[in-house]
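Trainee: Please take a close look at one part of this model and the places where it packs against its neighbours. Give the cut-offs as you go.

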Amino acid sequence: MLELVEIDGGPLTRADVVKVARTAARVRITEDALASVAKSRAHIEELANAEQPTYGVSTGFGALATRHIPLDKRSALQRSLIRSHAAGAGPHVEDEVVRALILLRLRTLATGRTGVRQSTVETMQELLNQRIHPVVHEYGSLGCSGDLAPLSAVALALMGEGMVHDRTGALRPAAEVMAERDVRPVELAEKEGLALINGTDGMLGMLCLALADLHALLDVADLTAAMSVEALLGTDRVFAPDLHALRPHPGQSVSAANMSRFLAGSPIVESHRGPECNRVQDAYSLRCSPQVHGAARDTVGYAETVADRELASAIDNPVVLPDGRVESNGNFHGAPVAYVLDFLAIPVADVASMAERRTDRMLDVARSHGLPPFLADDPGVDSGHMIAQYTQAAIVSELKRLAVPASVDSIPSSAMQEDHVSMGWSAARKLRKAVDGLTTVLAIELLTAARALDMRKPLLPGPLTGAAVAALREHVEGPGADRHLAPEIAAAEDLIRSGDLMNAVTRRTA
């Protein structure tokens, strides 16, 4: 049975966003939230009938805000706003992003600060529950005045226009799918057009999804780093807690503790712990893994703080205040979210870069401490993992480009009314690509470290790193003559994305 996420007008959690976006959890707006929606709508209707014009209620929008719109043209005004603003282009964004975007806009509408009607809120709820996913395009948002084009695509579907993906993923007209699922299209009234499109919901949704992914990937990075330390006959002494207490960054201590735990009881590590070992210290890519992974964890922690604040926000312009005032504001500006989206791309690139360096050491006979060149079965005849590392290097180079911030590149729009924008949507889109790239880089380190550990036999890895190798071996064969590597990389990626890799290690711990 699908989980249920209640929307009561208060903050959502990041976990709520992930549930609705990725597991198709149902949503339900509470009666108290609906009452709050109705109360703010009464204020809007009072202003709509007043002689004094109110921005967004009885005027045009943006640079056309000075024009008073007569009563008989306001419904047409709302339709025109949505149709003209649904001007996206490029590939369709993922359904999970669309679901997160709809959920977060719905949450803001349920705060009672936007002035929409109850029927509009309920129809948006049904888009999620019936799994009707409007087509949202890659390009069109500047991350200011809201994610305008993406949110307009959703509003267009609410009106029964445009194209959607149905619950099977088929691309069909919105009106056809809504009729099939008994969802009545909305005829927008005063203020509703702006309320539906004036938010940071797209970039915030992608931030929440990226944070969930990065939590999992940083655990995987600690694991693959530990496997590489073991495969390269490195030491685990540098991960001791008293050393990391000297520099009390919390993420660093977490990663160091993870690596110590993963290496505990390793016969390979024990084999060279005695006085006869001439290893003075390991390379930075091994020894400093907790410092780099830990700094990434702390960056994720800061980004979570920003996300949680945004998840508690009611973003619209104009906004309906509790005393009935309708006030213009700038809360739709995406800078707070854009900055952390850009910030996260930096540690993603750096964690991947360090993983690639560890992989390269295992392939270099001059630095691998006894492993065959490129981990080849028959060096010269076979190339082993030589080109897998090339793939890592290509991705790491791309990740460095993706780490260049989008939020410093403002382009004025709307006849200079919107003369500074955040580019937060663009920051979010490139972070998603960066997270995918990190996943592939770690998958290749996993494949390489597992192969190297198998080549250390008769010495065996520790119980936890051994569990990781065993989990991989259910999908990828052990060392041997060269094989088609691309499917093996894909299998390792799937093992990481599914959570099965870390689950295997956790079961072994228990």
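Mentor: The largest cavity is lined by L104, R105, R107, T108, G199, T200, D201, L204, E310, L311, S313 and I315. The model is a predicted one, in which local features need pLDDT of at least 70 and side-chain atom pairs count only at pLDDT 80 or more, while totals for chains, interfaces and linings use all residues. Residues are numbered from 1 along each chain as its sequence is written, and side-chain values use heavy atoms, with hydrogens and water left out.

The terms come first. On a 1 Å grid over the protein atoms alone, a cavity is a set of points where a 1.4 Å probe fits but cannot get out; a pocket is an open set with protein on both sides within 12 Å along at least five of seven lines; and lining residues have an atom within 4 Å of a point. Grid points are joined across faces, edges and corners, and a volume is the space filled by probe spheres set on the points.

Three cavities of 30 Å³ or more are present in the structure, and the largest holds about 70 Å³ of space. At least two of its lining residues come from each of α4, α9 (201–231) and α14 (289–311); helices here are DSSP runs (H or I, at least four residues), numbered from the N terminus. α4 gives the largest share of this lining, four residues. By class, the lining has four nonpolar, four polar and four charged residues, where Ala, Val, Leu, Ile, Met, Phe, Trp, Tyr, Cys and Pro count as nonpolar, Asp, Glu, Lys and Arg as charged, and the others, Gly among them, as polar.

Two packed helices are described by the angle between their axes and the distance between the axes. Axes are lines fitted to C-alpha atoms, for helices over the stretch in contact, and angles run from 0 to 180 degrees between N-to-C directions.

Helix α4 (residues 95–109) packs with helix α1 (residues 14–23) at about 135°, their axes being 8 Å apart. That makes α1 oblique to α4; the classes are roughly parallel under 35 degrees, roughly antiparallel over 145, roughly perpendicular from 65 to 115, and oblique for the rest. The crossing of α1 past α4 is right-handed, which is the clockwise case, whereas a left-handed one has the near helix turned anticlockwise from the far one by less than a right angle. D16, V17, V20, A21 and R22 of α1 meet E96, R99, A100, L103 and L104 of α4, contact being heavy atoms within 4.5 Å. This contact has six nonpolar, no polar and four charged residues.

On to α5. α4 and helix α5 (residues 118–129) pack at about 155°, with 10 Å between their axes, and are therefore roughly antiparallel to each other. Here α4 passes α5 in a left-handed crossing. On α4 the contact uses R99, I102, L103, R105, L106 and L109, and on α5 it uses V121, M124, Q125 and L128. Seven of these residues are nonpolar, one is polar and two are charged.

R22 of α1 is also one of the residues nearest the centre of the second largest pocket. That pocket holds about 420 Å³, and α9 gives the largest share of its lining, eight residues.
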